Amino acid sequence: MIEKIIIATHHGFCMGVKRAINIAEETAANSNEKVTILNEIVHNESVVNDFREKGVSQAFSVDDVHEGTLIISAHGVSPDVKEKAIARGLKVVDATCPLVEKIYQIVEKTVPAGYHMIHYGEKNHDETIGVQGHAPEHITIVSDEKELLALPDWKERKLGLTVQTTAHEEAYYEIEKLALKKWPHIDVFNTICNATSKRQAAILELSPKVDMVLVVGSESSANSNRLAQIANNICGHGYLIDTVDDINDEWFENGAEIKDIGISAGASTPEYLVQAVVEKLVAISGGKAEVILPVRKNRIRKISKAAG
Ligand code: SF4
């Protein structure tokens, strides 16, 4: 029987996601011409569908956009994508998160100064592709320790290290340690964003206290996946669910020992999806579960106890 539902101190929408959604909404509301979002505005199915329902188009290549305004998503793109869009006569509205742009600025400063950059990130992620596009010949992407260790000695070369904004912090620190051991002269730029750090710290704090953690977020969301992995490693029952419909009733049947459940959400997950999950869990408990919401700085308080 579910007894407690505890919401992670930091979860859900981050600054960069809110900003990108606002930019896209304002652009769509104020435009008389066709508006197209390149890729997913943020990596969340529900948000993407909301824009589709509002009549905003989506494309996965600039080649497929023939008119109107093109919105660049929060994850950014390589400069040649923007140049191509402008050359095709499109109006470009850039919703790239400023913290992703910070990586571009590091690359734009270090590469002309003779650096070769190593970027730790997922090779097929939009953000990584955009970063590499800023200096394709001068950035090597590594996804794990093995790939890092296989790189040349580069003793005489100026080197820099950057990292995907949503990387797993602990895994990144291992990469950083190995990089410094292999190339003591490497300049390290930890570009994991504050929102990622806070959400990972919150799930590290929450997971040992509960029997199960549900992370609300889409499969395409790197940071949501990471939160679910961290929770699963700690409490053994960490699940990524896109919406309330992914809750599996069997998790709570046949005498399953799930009493306390932690809830978190990726940086691209709207709060209404989190609320729907909480409501469903309260319903599964027969209205008896206590819902505990976060307040400032790791302090938590009880806000409700549904009548039982
Ligand atoms: S997760 Fe970080 S980098 Fe990504 S949009 Fe949010 S604030 Fe920006």
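Covering here rests on contact, meaning that the C-beta atoms of two residues, placed from the backbone, lie within 7 Å. Helices (H or I, at least four residues) and strands (E, at least two) are DSSP runs, numbered from the N terminus. This is a predicted model, in which local features need pLDDT of at least 70 and side-chain atom pairs count only at pLDDT 80 or more, while totals for chains, interfaces and linings use all residues. Residues are numbered from 1 along each chain as its sequence is written.

Helix α8 holds 13 residues, 194-206. The expected span of a helix is 1.5 Å times one less than its number of residues. For α8 this gives 18 Å, which agrees with the 18 Å between its end C-alpha atoms. Which residues of α8 are buried? They are Ala195, Thr196, Arg199, Gln200, Ala202, Ile203 and Leu206. A residue is buried if 20 or more other C-beta atoms lie within 10 Å of its own, exposed if 12 or fewer, and partly exposed in between, with C-beta atoms placed from the backbone. Seen down the axis of α8, the buried residues fall within an arc of 160 degrees, so they line one face of the helix. The arc is that of the directions from the helix axis to the C-beta atoms.

Helix α1 can be read in the same way. Its 16 residues should span 22 Å, and the end C-alpha atoms are 22 Å apart, which agrees. Gly16, Val17, Ala20, Ile21 and Ala24 are the buried residues of α1. They lie within an arc of 130 degrees when viewed down the axis, so they line one face of α1. The face turned away from this buried side carries the exposed residues Asn22, Glu26, Ala29 and Asn30. Among the elements covering the buried residues of α1 are β2 (35-38), α2 (45-53), β4 (69-72) and α4 (98-110).

Next comes a sheet. Four strands form an open sheet in the order β7-β6-β8-β9, with parallel pairing. Strands pair if DSSP finds at least two bridges between them. β7 (139-142) and β9 (187-188) are at the edges with a single partner strand each, so one side of each is left without a neighbour in the sheet. Strand β6 (residues 116-120) is joined to β7 by 4 bridges, and His119 stands opposite Ile141 in β7.
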